[in-house]
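Please look over the structure shown here before reading the report. The notes take up a few of its features in turn.

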Protein chains: 2
Amino acid sequence: MKTIKPIGMFDSGVGGLTLFKGIKTLLPNENLIYFGDTARLPYGTKSPKVIKNFSLQIARFLENLGIKVLVVACHTASSTALGDLKKKIKIPVIGVIEPAAQKAVAMTKNNKIGVIGTKTTIESASYQSFIKKTNPKIMITTVAAPLLVPLVEEGWVDKNVTRTILKEYILPFKKAKIDTLILGCTHYPLLKRLFQEELEPGVTLIDTSFETAFHLKQLLNENSLRNTTIMHRHYKFYVSDDPDKFALSARFFLREKIGTVKHIVLDE
Amino acid sequence: MKTIKPIGMFDSGVGGLTLFKGIKTLLPNENLIYFGDTARLPYGTKSPKVIKNFSLQIARFLENLGIKVLVVACHTASSTALGDLKKKIKIPVIGVIEPAAQKAVAMTKNNKIGVIGTKTTIESASYQSFIKKTNPKIMITTVAAPLLVPLVEEGWVDKNVTRTILKEYILPFKKAKIDTLILGCTHYPLLKRLFQEELEPGVTLIDTSFETAFHLKQLLNENSLRNTTIMHRHYKFYVSDDPDKFALSARFFLREKIGTVKHIVLDE
């Protein structure tokens with residue numbers, strides 16, 4: 001009966017819902033539990049040590065709820081805490097770095113890949129080291145873009161100032177003539193159109209949601225964990241700050257209503 | 001000997017150092033302990049319930065270190081948690097709202113005051129209710145400006161995009177013809193020049209640091225808590241994330257080096 005157990009996933013906040021949507025589409029039979037650490041977000045400006053502590057706390061909470069696999073939807077947590085979680089959690093754990101990096105390596109024709117992400121993700125060099133391991137000839141250009149998350153959360157995805165800031169952030173990619181760009185943060189898919197308009201035509205954007213959902217499907221298959229029972233699916237949401245505020249942001253991210261959101265205090 | 005005990009103060013991060021500097025200048029004989037909750041910052045986008053929990057945790061930590069008075073340097077925490085802290089903490093507690101609001105009421109000539117702050121500070125209506133209580137005739141215009149903190153923390157205080165964003169935020173103040181503006185967040189003094197250049201000439205900016213330090217001095221006098229001993233002062237810093245990163249940001253905020261910063265985990 002382990003196959004009907006839910007998939008557990010977490011993010012610092014609402015951003016991981018882009019991946020939630022990907023998983024829901026690709027694995028329509030699966031039950032899901034989502035945790036958003038909204039009381040302590042953002043993760044992208046904080047140190048690896050703190051992110052590891054937060055991630056382990058959440059992973060243990062989800063493990064106790066009886067999940068069959070853990071998905072780290074947050075790029076910062078995937079970059080810094082994945083190794084640690086794999087050691088300490090008894091169920092399979094996957095992150096978003098490897099799927100996106102693999103896809104980028106497969107897509108690039110001129111061997112020039114760009115990575116844009118939060119400060120901690122970029123400083124962790126997780127994308128860089130995975131790409132270099134796969135193909136040492138690839139040139140990688142990285143940019144830390146701490147303002148994009150607050151701009152998306154303010155809902156300013158169509159504003160001119162957002163375009164101006166984005167233009168400044170992508171200058172190094174234009175200089176390096178990359179042909180593939182990894183959108184290394186859950187929030188960036190909401191700026192996809194802007195990225196596409198401002199980058200040179202022909203640059204491929206790697207959106208991690210689909211790639212990670214695809215890797216998750218493979219992992220479930222390999223471990224005989226796919227839910228083949230046809231049943232009413234359950235999606236549960238837990239957050240560490242206000243559930244109503246999360247539900248509201250979720251509608252902006254998913255463009256659909258989500259179910260009940262529960263509040264949980266992890267550190268008491 | 002209670003007079004030589006340190007003053008305790010806290011903020012969500014590094015921003016409260018603008019007040020630390022004010023206290024250091026006005027009360028040069030006092031010992032100070034500063035706590036920055038860098039693992040869980042920012043507070044300004046989070047709900048009152050969560051801010052109350054965090055504030056009480058920190059207040060108890062500082063109380064156990066033997067402080068004689070607690071200063072809530074964070075505008076969001078002052079707006080949401082002050083009443084709660086005053087009930088639960090045995091030493092005197094002061095925040096930043098009342099000093100700034102009092103000064104603004106005293107300064108305005110046309111009875112039109114503006115308040116700019118984080119989302120939670122503005123939604124708490126703390127400035128508004130204090131001003132209205134003092135003088136119900138005063139018209140108050142408020143703006144929540146969630147992007148200013150990340151812009152300051154990115155170090156973009158002189159950039160054109162920051163000016164563009166600030167211009168958009170202050171439009172309601174221009175329409176309302178305010179003559180006094182409360183800078184309702186610890187980070188905003190770093191944008192003071194930009195505010196002054198973009199607002200109508202003659203608008204008075206209320207920077208809470210000096211006002212709060214002045215109130216603190218009065219409170220110490222009234223409670224016979226002033227340190228009159230001439231001695232080597234101690235400034236201690238505790239943070240919940242990386243101490244080195246805090247020390248580095250502190251140099252940007254204070255334009256001087258601070259002493260040793262220690263890391264503390266509150267929630268374990």
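This is a predicted model: local features need pLDDT of at least 70, side-chain atom pairs count only at pLDDT 80 or more; totals for chains, interfaces and linings use all residues.

The size of an interface is often given as the accessible area lost when the parts come together. For chain B and chain A this buried area is about 2500 Å², with carbon and sulfur atoms giving 56% of it. Chain B brings 33 residues to the contact, and chain A likewise brings 33 residues.

Between chain B and chain A, 12 residue pairs are in polar contact, counting pairs in which both residues have pLDDT 80 or more. Helix H2 (48-64), helix H7 (148-153) and helix H8 (160-176) of chain B each provide at least two residues of the side that touches chain A. On that side of chain B, the residues comprise 13 nonpolar, eight polar and 12 charged. Four salt bridges are found across the interface of chain B and chain A. In a salt bridge between B:Lys119 and A:Glu154, the closest N and O atoms lie 3.7 Å apart.

## Cysteines without disulfides

A disulfide is a covalent bond between the sulfur atoms of two cysteines. How many disulfides does a search of the whole structure find over all chains? The search finds zero. For A:Cys185, the closest cysteine sulfur is that of A:Cys74, at 7.5 Å, which is too far for a bond, since a disulfide requires the two sulfur atoms to be within 2.5 Å. A:Cys185 is also buried, its relative accessible area being 7%.

In chain B, the sulfur nearest to that of B:Cys74 belongs to B:Cys185 and is 7.5 Å away, and B:Cys74 is in no disulfide. B:Cys74 has a relative accessible area of 4% and is therefore counted as buried, the cut-off being under 20%.

## The setting of B:Thr180

B:Thr180 lies in strand S7 of chain B, which covers residues 180-184. Is B:Thr180 buried or exposed? Because its relative accessibility is 0%, B:Thr180 counts as buried.

The side chain of B:Thr180 makes a polar contact of 2.9 Å with the side chain of B:Asp179. Once neighbours within four places in sequence are left aside, the residues in contact with B:Thr180 are B:Ala104, B:Met107, B:Thr108, B:Lys112, B:Ile113, B:Gly114, B:Val203, B:Thr204 and B:Ile206.

Conventions
Residues are numbered from 1 along each chain as its sequence is written. Chains are lettered from A and ligands numbered from 1 in the order in which they are written. Side-chain values use heavy atoms; hydrogens and water are left out. Helices (H or I, at least four residues) and strands (E, at least two) are DSSP runs, numbered from the N terminus. Buried means under 20% relative accessible area, exposed over 50%, partly exposed in between (1.4 Å probe, protein chains only). A polar contact is a pair of N or O atoms within 3.5 Å; within protein, one must be able to donate a hydrogen and the other to accept it, and residues adjacent in sequence count only if both atoms are side-chain atoms. Contact means heavy atoms within 4.5 Å. Buried area is the accessible area (1.4 Å probe) that two parts lose on being put together, summed over both. A salt bridge is a side-chain nitrogen of Lys or Arg within 4 Å of a carboxyl oxygen of Asp or Glu. Ala, Val, Leu, Ile, Met, Phe, Trp, Tyr, Cys and Pro count as nonpolar, Asp, Glu, Lys and Arg as charged, and the others, Gly among them, as polar.
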